[in-house]
Amino acid sequence: MIKKFLLAICVAIPAALCAQSAKFGTVDVESIIPNMPEYAQANTQLQEAGNKYQAEYKTLQDEMNKKMAEFQQLSNDPNTPQSIKERRVQEIQEMDERAKQFMDTAQQDLQRQNAQLMQPIQEKMVNAIKQVGAENGFTMIFPAGTSIYDSPDVVDVTPMVKAKLGIQ
């Protein structure tokens, strides 16, 4: 009987200690990333690339508008053969298709650049979260807003992560 009692105590005490030592935290990632200096640099690079693509697209549009104006003049001239008019329509359609392909390629390239630029930023933030968790004895840290219920015991570690990253 005493052995069973001691065994029960030996099992209950570590279980109780483990239950009491669990420490959970949340972090608001959306408020951290935009405040990182690397994020501003990445946005600047993406904006510059986007502006270059916009300028090139405007050039393509200007060329197409010029062809359209020329076509309007030709279509109003009764002496212009139908085959020339058809050829001009075909040129305009080809230019329009090239412009669409250019925009698709530009959009894909900007998405790829965004992923490449954001990856080291996200890694830096994740490392800071891991360091805060290890230094402060957290069992787990979750993204803020992902749980249905947060106990009052759950700690918001966002200020600690921001401090670790040196941002306000």
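Author: Happy to! The side chains of Asp-62 and Lys-58 meet in a salt bridge, with N to O at 3.1 Å. A salt bridge here is a side-chain nitrogen of Lys or Arg within 4 Å of a carboxyl oxygen of Asp or Glu. This is a predicted model, where local features need pLDDT of at least 70, side-chain atom pairs count only at pLDDT 80 or more, and totals for chains, interfaces and linings use all residues. Residues are numbered from 1 along each chain as its sequence is written, and side-chain values use heavy atoms, leaving out hydrogens and water.

Reader: What separates Asp-62 and Lys-58 along helix H3?

Author: Helices are DSSP runs (H or I, at least four residues), numbered from the N terminus. Both residues sit in helix H3, residues 37-76, 4 residues apart, so the separation is about one helical turn.

Reader: Is Asp-62 buried, partly exposed or exposed, and what is its relative accessible area?

Author: Buried means under 20% relative accessible area, exposed over 50%, and partly exposed in between (1.4 Å probe, protein chains only). Asp-62 counts as partly exposed because its relative accessible area is 39%.

Reader: Which residue forms a salt bridge with Lys-164?

Author: The closest N and O atoms of this pair are 2.7 Å apart, and the partner of Lys-164 is Glu-135. Lys-164 lies in helix H5 (residues 158-165) and Glu-135 in helix H4, so the pair ties together parts 29 residues apart in sequence.

Reader: How many salt bridges does the structure hold?

Author: Some residues are linked in a network of salt bridges, namely Lys-67, Arg-87 and Glu-91. For the structure, the number of salt bridges is 8.

Terms used. Helices (H or I, at least four residues) and strands (E, at least two) are DSSP runs, numbered from the N terminus.
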